[in-house]
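Let's take a friendly walk around one ligand site and see what lines it.

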Amino acid sequence: MSQFITVQVGQCGNQIGSAFWPLTLHEYGVQTTSGGVNLLKMYKNYSKNSKELSDAFSSFFYVPDSQQHSFAFKNVSDLEQAKVKARAVLVDMEDSVVSRFSQGPLSNLFDRTCTITNYPGSGNNWAVGYYTHGLEYYNRLEETIRLMVEKCDCLHGFLLMHSVGGGTGSGLGTATLKLLDDAYPHVDRFVSSVYPASTQDVITAPYNVLLATRELIEHATCVFPSENRALQDMCNMYRNGKRENADQAKYNASCLPFQDMNSIIVNMLMHLTSGSRFSGSLNTDMNELATNLVAYPNLHYIFSSISPVALTAPYIITTNNKKYYDELFTNAWSRNNQLIKVDPLQSRSLIIGAAHIYRGDASLTDIRRNIERFQSKAKFTAWSKEAMKVGLCSVPPVGHPASLLCLMNSTAISYLFKDIIHQFDKLYKKKAHIHHYLQVDQFENEDFIGSREKILSVFDQYIRIERQTPINISRLELN
Amino acid sequence: MLTIQFGQCGNQIGHSLFQHVSNDLDSTDTGISKQANSAYIEESFENWFTSLNKDGKRLARAILVDTEHKVVNKVCSKSSNCWTYRSQNLICQAGGGSANNWAYGSLIKGPQLKDEILDITRREIEKTDCFNGILLLLSSAGGTGSGVGSFTAELLRNEFPNKSIVASIVLPYASGEISVQNYNTMLTLARFTESIDLNLLIQNEQIHTICTNILKNVETKLININDVISKKLCSLFQPVHQSWCGVNFLTSTIACHPSYKLATIKSTPYISPSISQYESFYSWRTYIDHLKQMLQISVLTDTEAKPPSNFLNSKANHLYYKSISNMLLSRGNITENDMMTCDDLRSKNLYVNWNSSSDQLTYLNQERRLLNQDKFLTLVTNNSQIHQTLDGIVDKAWNLYTHSAFLHQYKKFGLEEDDFLEAFAKIENVIKDYKSL
Ligand SMILES: Nc1nc2c(ncn2[C@@H]2O[C@H](COP(=O)(O)OP(=O)(O)OP(=O)(O)O)[C@@H](O)[C@H]2O)c(=O)[nH]1
Ligand SMILES: Nc1nc2c(ncn2[C@@H]2O[C@H](COP(=O)(O)OP(=O)(O)OP(=O)(O)O)[C@@H](O)[C@H]2O)c(=O)[nH]1
Ligand SMILES: [Mg+2]
Ligand SMILES: [Mg+2]
């Protein structure tokens with residue numbers, strides 16, 4: 001079974017992790033005592049997947065003596081008894097979040113040796129994270145990751161979780177990404193990056209975002225950006241009672257700050273990896289995503305949206321009608337379900353590639369009809385209308401009879417890049433806080449300039465695709 | 001016959017196929033004597049199975065190849081009481097598949113699996129007294145079936161230059177399954193038309209329409225599509241009366257000219273299981289007529305996806321695709337009141353003029369019912385229609401290629417633009433040949 005190593009860096013990365021592990025265990029049918037997830041009901045019949053679930057358990061978890069255990073773990077003490085460890089590397093340059101892991105109910109899930117912490121953080125400074133800590137911790141990171149890799153017999157990919165607005169996740173996170181690229185060039189690197197809201201909570205965020213984005217362009221296989229504004233809006237739906245779902249509202253109310261938002265990212269990541277973990281009649285392994293979505297080098301920022309957003313279904317759903325499937329797809333295309341605020345389907349943008357990963361039981365007739373709907377709804381380049389991927393995974397998410405993950409490579413991402421440059425320019429023009437960066441050993445003004453150039457060039461690439469006139473070369477003629 | 005199933009599609013279809021064969025062996029409504037039936041069973045068993053295992057299950061004469069575990073695990077665990085795969089014949093890497101990338105499959109994964117594939121194939125062939133050839137099952141759109149399949153095709157051709165090899169290749173829906181499905185399909189067909197004696201092309205989209213229109217299945221799933229495909233293959237490879245229609249025979253009759261190695265399988269009638277008891281059957285003549293209509297040019301809807309009707313084809317001057325050769329197999333009882341007349345399928349206007357008329361249509365029959373069905377007919381046809389399908393694929397692949405889309409994914413594994421051009425040229429050639437019939 002394909003295995004993944006999650007690398008969670010910085011406060012945000014580790015907080016996503018702290019939502020990730022209980023929800024993952026919940027999906028595998030393991031009871032955790034950590035409150036929240038128990039409020040999420042399992043959908044009826046979910047337990048019929050138990051064989052499939054236990055077969056896939058080793059995707060995220062390492063079980064020593066795996067022969068001896070049936071992988072049918074019921075609760076945390078089962079895990080502890082079997083010495084199960086998460087395939088996770090926890091990195092933060094302050095230890096408040098990571099120490100929550102080591103005290104919480106799941107504390108034994110994490111190997112002490114896979115935790116790298118320090119004090120007192122990177123001061124919201126990418127340069128400190130990337131250069132100062134990046135160099136100082138290079139060997140330890142490399143060693144820790146190597147040990148983790150050695151425990152995998154079928155490593156498929158790294159899942160990096162971080163924010164790009166701060167210092168550690170942004171700087172050390174991208175330094176770690178580069179390390180992975182250098183040391184494991186053939187293992188896919190999927191990155192979930194939290195972009196800050198435009199109303200910056202961190203003053204130096206525009207610098208950090210710009211510098212991190214360049215690294216993400218250069219070293220990630222695929223980047224799945226999310227924005228706190230978008231996540232916040234999705235959570236508010238339940239808070240304001242716009243979507244009736246008592247269980248979800250209760251779960252959200254039980255969450256620590258950010259945890260409700262992070263759960264949305266986690267949900268996306270579980271769908272994303274579902275095809276590699278579980279079987280399906282049109283199975284989609286993770287390495288297929290890049291083949292299907294990335295048509296040109298460097299253009300690997302992928303829009304993601306999930307449907308349904310809630311982790312648990314508010315009522316019993318009848319799935320045996322067309323309307324149910326069509327709604328599932330329609331919602332996934334709605335901007336309300338997008339993890340970032342930019343609408344990938346806005347009128348001026350073109351779709352360069354799209355993938356629909358469906359979990360649950362569906363007929364090809366329903367899928368084909370919706371793919372055709374998508375092809376008539378979206379705008380495409382001269383060649384990309386055909387560039388479409390469909391995956392069917394047989395195991396639905398725990399709280400629903402079915403779900404859909406929609407991934408799009410859209411030229412609309414240029415708005416994100418444009419905004420990154422714009423925010424950077426505003427700050428850089430005033431030379432605000434620059435000295436904090438320049439005083440860091442090895443950081444040079446060239447880092448700013450080079451990053452800006454790189455992002456601009458990717459921006460241009462997208463714009464060129466939008467404006468490209470179709471190439472019409474007649475097919476080969478033989479004589 | 002040795003069956004090798006590649007990738008998700010090949011393995012799922014292979015499983016369905018063996019299930020159908022097994023069901024056919026166990027079917028009770030045969031329409032023939034006990035004695036004749038046991039001869040049929042014996043012959044069929046010899047073709048598809050090697051022996052019984054200790055639980056009395058038939059052991060499939062098959063090799064399973066994939067670059068990831070999940071499909072093969074699933075297929076092997078779908079247990080049947082009657083048959084099973086041989087666990088030594090699973091060639092399955094623990095990798096994450098071939099990334100829907102022909103180059104990854106054929107240039108990286110194929111060579112890794114080479115020795116194992118050769119060893120097991122040799123072993124299986126040595127075990128067989130009277131070896132009848134190899135059947136490859138795969139899809140052209142993904143990475144494993146297409147890539148590892150192409151690699152293996154070449155490998156087997158070099159290793160067994162005198163053995164007949166037939167491939168059954170599933171072509172994807174016209175669009176929207178895999179972004180690079182047309183690249184992969186084009187690269188696959190370029191290799192297979194080179195190395196393989198006969199390629200039976202199956203289009204998912206067309207089979208889907210059969211499921212919807214004839215079988216009235218509004219919720220068609222892959223399983224239903226595989227049922228139809230399996231039935232086609234069963235009716236082709238199950239024993240027939242006069243001679244053995246194995247891979248050897250098939251290639252020598254259908255693919256008699258080296259430039260024309262593509263064929264499709266047309267069948268009739270499809271009867272949905274729920275209503276089969278009440279269905280009244282038409283005469284053989286009606287079905288023959290139905291098959292003939294499937295060869296007409298310029299019908300807007302696919303005739304195979306329309307039920308046959310008693311409204312006989314008026315003798316109007318229809319235009320037909322030119323066939324090089326066709327093979328008709330009928331399964332079911334032929335009586336004086338319901339004679340089989342396949343003269344309609346021999347008419348001159350169906351064929352190219354350079355193939356001698358005795359080679360144009362081969363007719364085989366089997367009185368025994370296939371899977372309890374009163375009558376079932378299958379026409380394997382090597383005709384000019386296929387150029388349209390290929391044209392559509394090349395059009396789309398060429399469009400991607402001229403925009404340089406996705407090329408870096410292939411270059412990464414060593415497949416260069418020249419290799420693409422070479423494959424394009426090969427397929428353009430095939431298209432031209434078929435078009436000029
Ligand atoms: N979605 C989400 N965003 C978060 C979370 N924690 C922090 N953020 C965002 O991340 C950015 C700040 O980055 P942090 O992750 O706190 O910083 P860090 O990586 O720990 O770096 P330093 O604190 O500078 O060492 C801000 O934009 C926050 O809004 C979280 O749990 N979830
Ligand atoms: N008829 C039919 N088509 C299938 C089946 N499974 C997959 N396909 C088709 O096969 C194509 C996808 O190729 P797969 O066989 O899944 O790919 P693979 O050979 O496993 O290669 P990778 O997964 O890329 O390593 C698509 O066109 C699917 O429609 C099946 O069971 N029946
Ligand atoms: Mg911090
Ligand atoms: Mg596969």
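In this predicted model, three helices of chain B each contribute at least two residues to the shell around ligand 2: helix H1 (7-26), helix H5 (144-159) and helix H8 (222-237). Which helix gives the largest share of that shell? It is H1(B), with five residues.

The shell as a whole counts 28 residues, and those that come nearest to ligand 2 are B:Gln12, B:Thr144, B:Gly145, B:Glu177 and B:Asn226. By residue class, the shell around ligand 2 holds 15 polar, eleven nonpolar and two charged residues. Although the helices named above belong to chain B, the site is shared between chains, because residues from both A and B surround ligand 2.

| Residue | Protein atom | Atom of ligand 2 | Distance |
|---|---|---|---|
| B:Gln12 | polar side-chain atom | oxygen | 2.7 Å |
| B:Asn100 | backbone N or O atom | oxygen | 2.8 Å |
| B:Asn226 | side-chain N or O atom | nitrogen | 2.6 Å |

How much of the accessible area of ligand 2 does the protein cover? On its own, ligand 2 has 640 Å² of accessible area, and the protein covers 98% of that.

Note on methods
Residues are numbered from 1 along each chain as its sequence is written. Chains are lettered from A and ligands numbered from 1 in the order in which they are written. This is a predicted model: local features need pLDDT of at least 70, side-chain atom pairs count only at pLDDT 80 or more; totals for chains, interfaces and linings use all residues. Side-chain values use heavy atoms; hydrogens and water are left out. A residue is near a molecule or strand if one of its heavy atoms lies within 4 Å of it. A polar contact is a pair of N or O atoms within 3.5 Å; within protein, one must be able to donate a hydrogen and the other to accept it, and residues adjacent in sequence count only if both atoms are side-chain atoms. Accessible areas come from the Shrake-Rupley method with a 1.4 Å probe; for residues, only the protein chains shown count as cover. Helices (H or I, at least four residues) and strands (E, at least two) are DSSP runs, numbered from the N terminus. Ala, Val, Leu, Ile, Met, Phe, Trp, Tyr, Cys and Pro count as nonpolar, Asp, Glu, Lys and Arg as charged, and the others, Gly among them, as polar.
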